[in-house]
Each structure stands twice: as structure tokens, then as C-alpha cells.
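Subject: Handing over the structure

Hello,

Here is the structure I promised to pass on to you. Please have a look at it, and then read on for my notes.

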Amino acid sequence: MLDLAQIYNGYYFEKSLLSIMPEAVLIVFAFLILLAGLFNSPSKNSLNSYYLALIGIAFSFLYLFMLSDHTIKGFYGSIIFDKFDVFLFTAILLSGFLTILMSKNYFDTRSVLMPEYYSLVLFSVSAMMLLVASLNLIMIFLSIEFMSICAYILTGYLKGESRSTEAAMKYFVLGTFASAFLLFGAVFIYAATGHLSLYKIHNFIFKQNYKVHYAYNLHTFLAIGLILLLVGLAFKMSLFPFHAWTPDSYDGAPTPVTNLMATGIKIAAFGVFIRVFTSIYHFDVFNFYNILWILAILTMTFGNFAALLQTDLKRLIAYSSIAQAGYILIGVIAGGYYGISGTLFYLLAYVFMTAGAFAIIIMFENLNLTSVDIKSYSGLGYKYPLAGAAFSFFLLSLAGIPVTSGFMGKFFVFSAAIKSGYYWLVFIALLNSAFAAYYYIKIIVKMYMIDDEQPNIPNNYNNMAAAPTNGTGARASANGETGLVKEKAVPSALLIAVIICLIFTLILGIFPQPFISFASKSVTSLWSI
Amino acid sequence: MSIFLKYILSIIIFFPLLSAFILVFVNKKAEGLLRNLATILSFAEFVISLFLFIYFKSNTYEFQFIERFSWIREFGASYFLGIDGVSLFMILLTTLMTFVSLLSSYKYIKDHVKEFVILMLVLETFMLGTFASLDVLLFYLFWEFMLIPMYFIIGMWGSGRRIYSAVKFILYTLAGSLIMLFGLITIFILHYEQTGDFTFNLLKLYNTNIPLTLQIVLFIAIFLGFAVKVPVFPFHTWLPDAHTEAPTAGSVILAGVLLKFGVYGFFRFAIPLMPEAALILTPIILVLAVISIIYGALVSIVQKDLKRLVAFSSVSHMGFIMLGLFAMTAVSVDGSVLQMINHGISTGALFLFVGMLYERRHTRLIADFGGLAKKAPILAALFMIAVLSSVGLPGLNGFVGEFLILVGSFKQYTIFTIFATSGIIFAAVYLLWMFQRVMFQDITNQKNEDFKDMTFREIMTVLPLILLMFFIGLYPDVFLSRINPTVVHFVNIIEHNKYAYNLIKAKMGLFNA
């Protein structure tokens, strides 16, 4: 194979370029899509931009694969390409890939698709990757803004629907607010240390720990800066007190975009979070991990309790993703080699199970044009046996039942936390999992077990589509006569997405060995920046 | 043949899964074919599992038919299988009960036959895996996933409040399992800190040195997981609901196999991993066991619903098994293990008979029956044998197990045993009284006039169980000789730890009175 890093060795600028090659390819393709959009015929539903987007992702994967053995620093140390990036890039690209697969079908049925949609998806994916690769506070801020602006537009993409617009507006206002916090935090840290580069901040703190006469107020500055930075990032990770935008935006956004927000953005946020907070781990003025500890417990408990009360499936998944963020945070708190690799593994597992669940939601949304109200899922398991089984599988994975990736992820993270001595944290997290199982199972109950008292018994499925789905409004069954199932075949792109998610959820649950090795190897590069 | 024997455990575990996979490709409409195929395949599975029995070396406590492959290196988890005298019979019980319950459900299960037989076979795989795995992570994987097929079986084919029961079943057992997971991970990490070796190998984890206070905490955590499954008295509330609403096949599997997992877990995991904590907490657990025996029996007496009666009798019988296990003498543990088999057979048979009554009359209330013996003499006779076996009549299996338990525990825990013995008397009361009201007296309900006797298939369903009742009752040595070496080894471990335990007792002044 062509070894790019060898060829460009010694040429500084080219090396810098090489360090952002996977991102750059995506940006090139994003522009290509915009160009190609000029030649689109409106009837064709922007097919070429769809394929271009897929090819872009494929090329990015290719570059990732070619460079995967190297550690390249670029742009005066503000961007790095290392093993840690390789793992998270893979997860983010997969999330983008699955999102694109889902998008085609989703927008086909709503006929609002423009080429710029795919270009925006590629832009935001590249921004997520840049965010993970950033080693500099300015770079982190720029990437977060880049990523967020793409996400704001994507959230409001269903222009006709007020819910979508409202979601975008809420997301935008709160998101900007959080970015301000982030920037403010960066300013404080700069004031305390005189550096913006994470590497230099790390060295600075490491040296200051041994100096007796270090000005106390600088410590305070650093602590304030870190907390503000945490607030900014916690917003993107949707941790508890900063989660308020999540349910509304997830609910109002087009479902593929919801998937991108729930998986890609969260991964990127966790990635940069790990980068920042592993580089300040020598800073022990106050026990920073106590704050995270409380945040984790509040996040998962709140997420689970709120999810329990939801009747709308997308909102339910939104709250459950808040809870999931709490579990993932446990891995970060556990820290160390074991904890961080557990976090990475969980993030990868999380991509597949969440994307799978969203793909099935889209499938049901499109086939039935029913709403995402849980009530309308009644008996669906019988109507679409395979889709129902797959959905149940993803839900069980989210609940953390064995044989699925969700269990392995939780197991990895929890055992890391016990290893670091966080017994109570794990105990509460386990109680939370037991509690969370209830609302996941509630959906499965709806799909498979129909109460005898209800009029719709499994023997006459065909009536189910025709029966008015309660309170669904706009998207309620427009052509809900009978036999909807047979007439509309499941679109192949969606099917591929579901199958990929299904296979990986199963493999990560039963034979996680290669993925765990991958995660463990990628962690080693973190402490050798 | 040698390769077959080398991988026999894997073959046994995954053959039902393979069968289920084959059935996926059978047309949904061909219900007869699905039923026959599933029954034949599960019978084939039972025949394969008999090879274990034939080639099992009965003179050693060592694990046999060991298979070991690396699975997840980072956690030190491996695909590690092996059986001893106890798991041997649990596996045989599982394959037999699955076959019997598939055979029993020809008439009961009318909708979604395909899903039903597939779920039953998947369930079998996970039950067998749980009994055969010697790796803690592997065990947990099988253990927890097992809930899912059972949950669907109760929720989709159950009666009445099936959804409530199914959700209750899964939430109770899931909560218990997760707390247990906490305990297991802690032991795993502790072992790593002591030896620097990441391993889930159960045999290595046995050597973990757990400080006493932590041991008690962990024992309670793991106790919760297993006690919910048994179920021991305050954790039993899911059982009557799940048993009552489940379809016959589900009840048979629940009573026959699933309840055994709790006791098996104590035997394999909780007690050997934390022997000192087990010894310290024994009095409390024995109190709970005796309460289970008496409470279960008393509640059974007043039940109006046949299935609920049998379900509560399970609570009572499982109390005996817990008593035998925690008395921790060789004789009582022998009896306890044998009683696990007996309970599976007897209670499984009782559920089958209740199912037959329900299929004919679509009611389970005792008051709706009466005088059936005249109309269905074969049913009455065979039912009588199952009832007597459950009561513990000498010559049938129940007697041997209960006798061993009571004899074994008497010397150590006299008062507990005396209280427990009353459970046998109560058992005679509720079971025989129930039998009298259902089978004898005059026919009061007109609907019972055309009550049909057992069909050939139904006789074949219960016949293996009836034969086993006599066989174990008359010649238990076939079973006991294979169980005994394992049990003696188990008791030796405890005795070995008693020395340390006595030291602690002297120090802490515990139970001196």
C-alpha cells in the first residue's frame, strides 16, 4: 500500500495537510455535492448527491485506513492524528454513514430533499472529526462551532413543520449559550497558564505541582476555567443540568438528523472531553472527579426517570440517550487505561444500537406514516416480524441485556469503575439499568403483547393500520387501508443500515475481542501527546 | 466418537439453537410440521444429552467434559465449560423438561406456533449454557439472556394478566441479576488485585481471599440475585403470578428448570466463593427457608385456583431444598440436589395435569371441578401418582429427597428441621384435599359430564415423568452415586473454611448463646 506518511515526511505543510486528510476529503466531497446539485433534475430526488456523500465517506475511511499506523501532528501542534483519533473517527464515520443511508428514504417520502442536506451532513461529520483531533483550545472552539452550526441547520431542515423549526431555534439559542461558556472557560485557562495548547497546559500543570510559590489565584482561575469548559462540553454530551435542549431537538429534528446528533455529536463531545481531561489529570487542587461523579448519577437517574414518562418514541429515545451519556461518563470517571478504553468501546457499541433503533423508527414512520407515538406501535411486532425482532434486539441492547453490545459496553465500563474504587457509583448505575429496563421493555410489550381488553387483537392485523392512531395529527395514516405491508417493500438502503447495526450489535456482544483490542490500543496514544 | 465426546457440551448447548435456526425457515402456516419438528429435535437433544450420563465418571468430583477456548483476553474471560455430578442432572432435567413441555403444548398453543417453538428452543440453549459454564462472565451471559425468551413465552401465550406477570417476572429477576453482577465484578477485580491475573475462571476465583466484611456485603448482593430465582420467602412474589399466567409449557419450564438456577447458583457460586459469609449468614437464610416452607404451604391450602396452588407449593418445596443446601452436611446437600430433580419432575407433572384440566374445561378453579375420576380414570390415576410424589409418599421420588434433607439437617439445626417437617404434613393437606375436590365426590357441574380422558399424546407426555418418579423412589442410587462425590467435595470446602469461621466466631462472640 502507498505509504503517504513516508512520502511526505519532512515537508511540513504537506504533513499538516496529511494530518487532516480524512476530514479534508469529506469537505471536498461536501463542496462537490453542492456543485453537482446544479445539475440535479428535481424529479430524481438528488440521487447523485446521495451517492457522492457515500463515496465521500468511503474515501475518508480509505485515508483513515492508510494513515492508521501513524501519529501525525499538524498546524503547529493544534491538530493531531493518532490512534485515539483512528478509533473515534471510525465511530463518527460509521455514524455519518448510517445517517446517510437512513436519510435517502426518509426524505424521499417527504420530498423536501435538497443536495445541500448531504453536504451539510458531510460538513458536520468532518467537524466532529476535527473536534476529536483538536489539541488546542481555539481549535476546539472552532470545531464545536462548525459542528453546531451544521447541526442547527440540519435540525430545522423540515421547513414546513413548526416542530422542526422550534427544535432548531431552541437548539441554536441554548447551543450558542453553551459555546460562550466554552470560550469563557478557554479564556480563564489561558489566563491561568498562558497556553492554549493542551500539550503545553499539561506540561505547565505538571511542573507547577512541584512549585511551592505558585500563585493561588491562578489555581482558582484554572479551576473556574475547567468548570466553564466542562459546562460547554456537557451541553454537547447532554449531561443532566445541561440537557434541556435534547428532548425537543431530538423530537423535532428529522429522524436521521436525530441519529446524527445522538451518535456522532455525542461521540465527538466525549472524545474531546476525554482529550481535555486526560491532559489536566495532574491538576489536583480540588477533586474534579467528584463533580463528574455527581453529574453522572444525576444524568442517568434523571434520564431514566424522564424516559419512563414519555409516550413519544423519539422523546423516549432522547431521554434514554441522556441516561446512556451518564453510563458512558462512568467510564471517563473510572479513568485510566481500562476506563477510557471501556468508554471508547461503549461509544462504538452505542453507535450501532442507537442507529439501529432510529433506522427501525424511520422504517415504521415511512411504512405506516404513523406517528412516533408508542401507542401506534401496538402489534407491530406481528405485522413486521423481522423489523420487530430487530427493534426488540436494539432496545434490549440499550437496556444492557447480555448477548448484545450494550451489555458488553456496560460491563466494561462498570468493571473499570469498580477497579478504580467507585463502588457506589456502579451500584447506583446498576439500579438505574434495572429501572431503565422497564421502559425499554414497555415498548417491546406494546409491539408483541396486546392486552385482551383492547379491540386490536393479534388475529386481525389488517385492522391495525386502518384503526385511527390516537392523537397522531399530521402524519397519521393517510392511506391506511389494508395490506400496507405487502405493497411497500422496505427500502434497501434502510435495510442495509439495519443489518449492519444488527450484525455489529451482535458481534460486539458475543465476540468483542478485536474491538476491545482496538479500543485499548487507541487509548495508549492519549498519554503520550 | 472421541471428537463428539470432546465437544459434547458445546454440541448439547448449541443443538437447540441450531434447531431453532432450522425452524426459522419453515413456513409459518405449517403449524403441524413446526410442532412435530420441534418435538423431534428436542427429543434428539435429550438423546444426545444421555451420552453425558453414559460417559460420566461417577467416582470423581473433578469437572468433566471440559472445553476451554480464549474468548475475551482483556477480561481474561474464556469459553470454559465443564460439568460435575450436580450440573449433569440439571442438564438432563433441562433437556427432558423441554421435550416434555413441547410435547404438552400441541393443543394449548394455538397462535404464533412458529415463534413459540423457536423461543422454547432458544430458551433451552441458554438454560443449558448456564448449567455448563465455568466462566463467570459466560455464566452471566447465559443467565441473564435466558429471561428474554421466558418473558416472551409468558407475555405472548399466557392467560389473564399475562403482561403484568411477564413484566413483573423480568423486572424482579433483572434487578436481582444486576445486583449480583455487581458482586461478581467486585470479586473479579479483587482477584486481579490479589494475583495480578485478570480472569473469570470460576475455579481460580474460588481462591480469592475476600475480607470478611466485604464478603458479607458481596454475599448479600449475590444472594439477592439467586434468592429471587429460587425464590426465597420475601422475594417470591413474582412467582405465583408468573406461574399462574404462563402457558403450561412455560410453567413446566419455570418450575422444572428455572427455579433450580437459584439453588444451583448458591451451590456453584455464592457458597464456594464466600464460604465464611455463607456460614455467618446461614441462620438468617435458614429462617427464610423455613418461612418459605410453612408460608408456601399455608397459602397453598387456601388457594382456589389450581395453578396458583401448585405455584405456592413450589415456594414451599424450594424452601426444603434451601434448607438442605444450607444445612451443609453431605447427606442434606445430597438430598437437596436430588430434591431439585424431584421437584422438577413432580411439579412439572402437576402443571401438566393442571394444563390438561384447563384445556378441557377452560377454567382452573377447583370449585368448577369434582367427580372427574369417574369420567377420566387414567387421568385420575396418573394425577394421583404425581400428587403423591409431591406429597412425599415412600416409594416415590419426593420421599427420598425430603427424607435425606431432614435427616441431614436434623443434627445440626434441630429446631429448623422440626418446623420444616410440618411442611410435609401441610403438603399432604393441600395436595390431597385439592385432589379430592377435583377428582372425587359427585359431579356437581354439568359441564364435567362429557369430560374426556387422556389422549395417547398426553399419556406419552407424562409417562417419562411418572416412570422417573418410581425409578428415583425405588432406586435413587443411580442418581446419588453420581451426585455424591461432588457434594462431598463441596462439603469439604465448607468444613475447611469452618476452621477460619470458628476463629472469627470466637473473636466476634457471634451466636455464642
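A:Val403 sits in the loop that runs between helix H17 (385–399) and helix H18 (405–419) of chain A. Helices here (H or I, at least four residues) and strands (E, at least two) are DSSP runs, numbered from the N terminus. Before going further, please note that this is a predicted model, where local features need pLDDT of at least 70 and side-chain atom pairs count only at pLDDT 80 or more, while totals for chains, interfaces and linings use all residues. Residues are numbered from 1 along each chain as its sequence is written, chains are lettered from A and ligands numbered from 1 in the order in which they are written, and side-chain values use heavy atoms, with hydrogens and water left out.

Back to A:Val403: its phi is positive, about 80°, although the residue is not a glycine. Is A:Val403 buried or exposed? A:Val403 is buried, at a relative accessible area of 10%. For these words, buried means under 20% relative accessible area, exposed over 50%, and partly exposed in between (1.4 Å probe, protein chains only).

In chain B, B:His362 also has a positive phi, about 55°, and is not a glycine. You will find B:His362 in the loop between helix H15 (330–361) and helix H16 (372–375) of chain B. B:His362 counts as exposed, with 54% relative accessibility.

Chain B also has a cis peptide bond, from B:Val230 to B:Pro231, with omega near -10°. B:Pro231 belongs to the loop between helix H10 (212–229) and helix H11 (238–245) of chain B.

**Salt bridges**

B:Asp84 is in the loop between strand E2 (77–83) and helix H4 (85–104) of chain B, and B:Arg268 is in helix H12 (residues 248–273) of chain B, so the pair ties together parts that are 184 residues apart in sequence. Both B:Asp84 and B:Arg268 are buried.

Another joins B:Asp241 to B:Arg308, with the closest N and O atoms 3.8 Å apart. This pair links distant parts of the chain, B:Asp241 being in helix H11 of chain B and B:Arg308 in helix H14 (residues 306–327) of chain B, 67 residues apart. Here B:Asp241 is buried, with a relative accessible area of 5%, whereas B:Arg308 is partly exposed, at 23%.

B:Arg364 and B:Asp305 form a salt bridge too, their closest N and O atoms being 3.5 Å apart. B:Arg364 lies in the loop between H15 and H16 of chain B and B:Asp305 in the loop between helix H13 (275–301) and H14 of chain B, so the pair ties together parts 59 residues apart in sequence. B:Arg364 and B:Asp305 are both buried. Over in chain A, salt bridges that share partners join A:Arg163, A:Glu166, A:Lys170, A:Asp248, A:Asp251 and A:Arg315 into one network.

**A helix with a buried face**

Helix H22 (residues 492–510) of chain A has 19 residues and reaches 27 Å from its first C-alpha to its last, close to the 27 Å expected at 1.5 Å a residue (the expected span is 1.5 Å times one less than the number of residues). Its buried residues include A:Ala493, A:Leu494, A:Ile500 and A:Cys501. Seen down the axis of H22(A), the buried residues fall within an arc of 160°, so they line one face of the helix; the arc is that of the directions from the helix axis to the C-beta atoms.

A:Cys501 has a relative accessible area of 0%, and A:Cys150 is also buried, at 4%. The structure holds 0 disulfides over all chains, a disulfide being a pair of cysteine sulfur atoms within 2.5 Å.

B:Leu480 is in helix H21 (residues 477–508) of chain B and counts as buried, at 16% relative accessibility. The C-alpha atoms of B:Leu480 and B:Ser58 are separated by 9.7 Å, although the two residues are 422 residues apart along the chain.

Best wishes

Note on methods: A salt bridge is a side-chain nitrogen of Lys or Arg within 4 Å of a carboxyl oxygen of Asp or Glu.
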